[in-house]
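Let's walk through this model together, one part at a time. Keep the sequence and the 3D view side by side as you read.

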Amino acid sequence: MSVRKPAKDRKLEIVQTALTLAFETGPERVTTGMIAKSLGLTQPAIYKHFPRKDDLWLAIESTLRAQIKANILAASDPSLTPIARLRLLVMGHLNLVYKTPALPEIMVARNPRGMRTGIQISMTDFFNALTGTVEEAQDNGFFRGNTPAKDLAALIFGVIQSLVLRMLVNRDPNILLADGERLLDLQLSAFARQGDE
């Protein structure tokens with residue numbers, strides 16, 4: 001029998017368990033029965049905290065969006081160079097996916113209770129932050145200025161996407177952190193300003 005926890009803690013535990021199961025089985029296949037079994041609870045105990053399955057998915061969306069936003073904010077420190085902020089932004093996102101590997105599948109799943117739009121908005125915010133930081137790197141002479149910032153940001157985002165795809169194929173989140181920094185460094189060095197550009 002499970003230990004009685006404060007409602008806030010139990011709700012967080014349910015959300016985290018649903019995210020773990022979403023990576024193991026796919027977001028569309030997660031059921032309240034699976035969550036209850038994993039936590040040693042009954043289904044009515046899950047419904048006590050989330051009366052509808054949609055309520056659970058909305059809590060999951062809110063959690064993921066808050067984590068993406070927190071990463072963007074953490075990488076916006078104006079006292080850091082644009083390159084340092086780019087590293088924080090990208091590695092922060094890879095770390096987020098490492099800790100919550102279901103995020104990419106939830107983002108592209110066909111019907112995770114309308115979550116797609118909210119998380120996609122957050123990822124648009126992430127891409128815009130990436131683009132803005134690349135523009136600053138160009139303005140400050142760190143990156144060449146002859147390529148649109150949006151294109152450079154798309155190439156940096158491609159590092160994330162390729163690592164996430166490898167993670168999904170191999171079912172191994174360790175890939176993200178093991179290769180992320182090295183590949184990001186290679187990408188950033190390719191954008192470095194050359195001579196008198």
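Is Arg171 buried, partly exposed or exposed? With a relative accessible area of 37%, Arg171 is partly exposed, since that value falls between the cut-offs of 20% for buried and 50% for exposed. Do keep in mind as we go that this is a predicted model. Arg171 sits in the loop that joins helix H8 (149-170) to helix H9 (174-190). Its backbone deserves a look as well: the phi of Arg171 is near 55 degrees, a positive value in a residue other than glycine.

Leu56, Trp57, Ile60, Glu61, Leu64, Ile68, Asn71 and Ile72 are the buried residues of H4. They cover an arc of only 150 degrees around the axis, which puts them on the same side of H4.

Now step back to the whole chain, which is divided into domain 1 (1-51) and domain 2 (64-191). Their C-alpha centres lie 29 Å apart. Six residues from domain 1 and 12 residues from domain 2 take part in the contact. About 730 Å² is buried between domain 1 and domain 2, and carbon and sulfur atoms give 73% of that area. On the domain 1 side, Leu19, Phe23 and Pro27 lose the most area to domain 2, together 75% of what that side buries. What about charged pairs across this boundary? The count of salt bridges between domain 1 and domain 2 is zero.

One pair of residues shows how far-off parts of the sequence come together. Ile106, in helix H6 (residues 103-108), is buried at 0% relative accessibility. The C-alpha atoms of Ile106 and Glu28 are separated by 8.7 Å, although the two residues are 78 apart along the chain.

Finally, let's turn to the salt bridges, which come to a count of nine. Arg87 forms one with Asp185, their closest N and O atoms being 2.1 Å apart. This pair links distant parts of the chain, with Arg87 in helix H5 (residues 82-99) and Asp185 in helix H9, 98 residues apart. Both partners are partly exposed, Arg87 with a relative accessible area of 31% and Asp185 at 32%. Another salt bridge joins Lys5 to Glu13, with 2.8 Å between the closest N and O atoms, and a network of salt bridges links Lys5, Arg10 and Glu13. Arg52 pairs with Asp54 in a further salt bridge, with the closest N and O atoms 3.8 Å apart.

Terms used:
Residues numbered from 1 in each chain as written. Predicted model: local features only at pLDDT ≥ 70, side-chain atom pairs only at ≥ 80, totals over all residues. Heavy atoms only, no water. Buried < 20%, exposed > 50% of the residue type's maximum accessible area, 1.4 Å probe, protein only. Helix = DSSP H or I, 4+ residues; strand = E, 2+ residues; numbered from the N terminus. Arc of directions from axis to C-beta. Domains from an automatic or database assignment. Contact = heavy atoms within 4.5 Å. Buried area = accessible area lost by both parts, 1.4 Å probe. Salt bridge = Lys/Arg side-chain N within 4 Å of Asp/Glu carboxyl O.
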